[in-house]
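Please keep the sequence and the structure in view while reading.

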Amino acid sequence: MPQHDEIEILLVEDNADDVELCLHALRKEKLSNKIHVARDGEEALDFLFSRGKHIGRLPEQLPRLVLLDLKLPKVDGIQVLREVKSAVATKCIPVVVLTSSREERDLVNSYQLGVNSYLQKPVDFEEFRGIVKQLGLYWLVVNQAAPNGQGKKAKSA
């Protein structure tokens with residue numbers, strides 16, 4: 001499996017405690033060289049599409065994985081997912097919804113828009129950390145990524 005020189009993750013999360021838990025779990029397992037945190041949906045889209053404060057970012061420098069909360073300020077996670085999965089440049093990036101939402105419509109909408117995985121955040125600290133670790137191991141080590149995070153056609157699981 002080809003390895004990128006730098007594995008980057010985009011974590012889209014507005015809850016500071018959840019950000020710290022995710023960062024701790026990913027760094028402890030040495031699953032990523034660089035983790036970018038977007039605190040709202042607008043910042044996530046700016047990062048992914050090289051606009052706003054990220055205008056200097058090379059469009060081909062896409063993260064290998066997006067961990068996405070749904071309940072976000074400015075632009076909600078469903079809209080972020082919609083834009084990511086509808087753009088040719090970003091549609092093959094694995095997006096994992098990691099949310100506290102228990103609303104069935106969020107689950108259904110996420111899968112209809114092309115989410116790769118949908119998980120509810122556990123309340124328990126150790127369980128949450130374990131899920132983030134497993135997510136990272138699967139999507140960054142086990143899963144075969146599309147070349148440069150892109151491809152002509154996305155394969156469905």
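## Valine 12 and its surroundings

Valine 12 touches Ala38, Asp40, Ala44, Val66, Leu67, Leu68, Asp69 and Leu72, where residues up to four places away in sequence are not counted and contact means heavy atoms within 4.5 Å. The model is predicted, so that local features need pLDDT of at least 70 and side-chain atom pairs count only at pLDDT 80 or more, while totals for chains, interfaces and linings use all residues. Residues are numbered from 1 along each chain as its sequence is written, and side-chain values use heavy atoms, with hydrogens and water left out.

Helices (H or I, at least four residues) and strands (E, at least two) are DSSP runs, numbered from the N terminus. Strand E1 covers residues 8-12 and is mostly covered, five of its five residues being buried, a term that stands for under 20% relative accessible area, with exposed meaning over 50% and partly exposed in between (1.4 Å probe, protein chains only). Glu8, Leu10 and Val12 point one way from E1, whereas Ile9 and Leu11 point the other way, and all are buried.

Two strands pair if DSSP finds at least two bridges between them. E1 pairs in the parallel sense with strand E2 (residues 34-38) over five bridges; within this pairing, isoleucine 9 stands opposite isoleucine 35, and leucine 11 has valine 37 as its bridge partner. Four of the five residues of E2 are buried, so E2 is largely enclosed by the rest of the structure. Strand E3 (residues 65-68) also runs parallel to E1 and is joined to E1 by four bridges, with leucine 68 of E3 opposite valine 12.

E1, helix H1 (residues 16-28) and E2 make a right-handed β-α-β unit, right-handed meaning that, with the strands pointing away from the viewer, the path from the first strand over the helix to the second runs clockwise.

## Nonpolar cores

A nonpolar core is a set of buried Ala, Val, Leu, Ile, Met, Phe, Trp, Tyr and Cys residues joined through side-chain atoms within 4.5 Å. The largest such core has 22 residues, and those with the most contacts inside it are Leu10, Val12, Leu48, Val66, Leu68, Val80 and Val95. Two or more residues of this core come from each of E1, helix H2 (41-48), E3, helix H3 (77-86) and strand E4 (95-99). A second, separate core has 21 residues, including Ile9, Leu11, Leu21 and Leu140.

## Salt bridges

The structure holds 14 salt bridges, each being a side-chain nitrogen of Lys or Arg within 4 Å of a carboxyl oxygen of Asp or Glu.

| Aspartate 40, buried, 10% | Lysine 74, exposed, 66% | 3.9 Å |

In the pair formed by aspartate 40 and lysine 74, aspartate 40 lies in the loop between E2 and H2 and lysine 74 in the loop between E3 and H3, so the pair ties together parts that are 34 residues apart in sequence.

## Backbone and aromatic details

Lysine 74 has a phi near 70°, a positive value in a residue other than glycine. Serine 50, likewise not a glycine, has a positive phi of about 50°; serine 50 is placed in the loop between H2 and E3 and, at 11% relative accessibility, counts as buried.

A search of the whole structure finds one aromatic pair, for which rings of Phe, Tyr and Trp (its six-membered ring) must have centres within 6.5 Å, planes under 30 degrees apart counting as stacked, over 60 as edge-to-face and the rest as tilted. Tyrosine 138 and tryptophan 139 form this edge-to-face pair, at 4.9 Å centre to centre and 85° between the planes. Tyrosine 138 is partly exposed at 40% relative accessibility, whereas tryptophan 139 is buried, with a relative accessible area of 10%.
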